[in-house]
Amino acid sequence: VQLQASGGGLVQAGGSLRLSCAASGRTFSSYGMGWFRQVPGKEREFVAAINWSGGSTYYADSVKGRFTISRDNAKNTVYLQMISLKPDDTAVYYCAADVDQIYYSARYSRQATYDYWGQGTLVTVSS
C-alpha cells in the first residue's frame, strides 16, 4: 500500500485547505484511514480518522467543528477539509492506513494502529 498526501500550503489564519491522500491497492475500501500531524520537535498527534465505510468519523478535540474527514472509496482517496485554520494548526500532516480494522473504534487515535504512512504534506497557517 502506498499513500500520497497532497494539498498542503500556506494560508492565512481563518482560511481553508483540503488535504487529499491517494492510496494504492484494490482493498482501500476495507482500510481505516487516519490523519496525524507533527510539528518539529514535538510528538506526532492524532487529528482525525474514518472507518472503512465512512460511517464513523473521529476527531481530536482541538479540531472538532473545524476539520472534516471523508473518503471516496471509488477514487481510493481520503480527504481532510480544514476550515477556520489557526497558526497552531501549522504542521506536517500525514495520512495513514489501518489494514486489519480490528477494534478500530478503540484504536483509531494510536499511531501503532496504522500499517502504512504517507510522506506528509506541510500546512503553514500565518497569523
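This is a chat about the overall fold of a predicted protein model and two of its residues.

User: Hi! What should I know about the model before we start?
Analyst: The model is predicted, so local features need pLDDT of at least 70 and side-chain atom pairs count only at pLDDT 80 or more, while totals for chains, interfaces and linings use all residues. Residues are numbered from 1 along each chain as its sequence is written, and side-chain values use heavy atoms, with hydrogens and water left out.

User: Great. How many helices and strands are there?
Analyst: The protein chain has one helix and eleven strands. These are DSSP runs, numbered from the N terminus: helices are H or I with at least four residues, strands E with at least two.

User: And in which order do they come?
Analyst: Along the sequence the pattern is β-β-β-β-β-β-β-β-β-α-β-β.

User: How much of the chain is buried?
Analyst: Of the 127 residues, 45% count as buried. Buried means under 20% relative accessible area, exposed over 50%, and partly exposed in between, using a 1.4 Å probe and protein chains only.

User: Let's switch to Gln101. Where does Gln101 lie?
Analyst: Gln101 sits in the loop between strand 9 (91–98) and helix 1 (104–107).

User: Is Gln101 buried or exposed?
Analyst: Gln101 is buried, because its relative accessible area is 16%.

User: Which residues is Gln101 in contact with?
Analyst: Leaving aside neighbours within four places in sequence, Gln101 is in contact with Ser30, Tyr31, Gly32, Asn51 and Trp52. Contact here means heavy atoms within 4.5 Å. The side chain of Gln101 also reaches the backbone nitrogen of Trp52 at 3.2 Å.

User: Now Thr124. Where is the place of Thr124?
Analyst: Thr124 belongs to strand 11, residues 121–126. With a relative accessible area of 27%, Thr124 is partly exposed.

User: Which residues is Thr124 in contact with?
Analyst: Apart from neighbours within four places in sequence, Thr124 is in contact with Gly9, Leu10, Val11 and Thr90.

User: How far apart are Thr124 and Val11?
Analyst: Thr124 and Val11 are 113 residues apart in sequence, and 6.3 Å apart in space from C-alpha to C-alpha.

Terms used: Polar contact = N/O pair within 3.5 Å; in protein donor to acceptor, adjacent residues only side chain to side chain.
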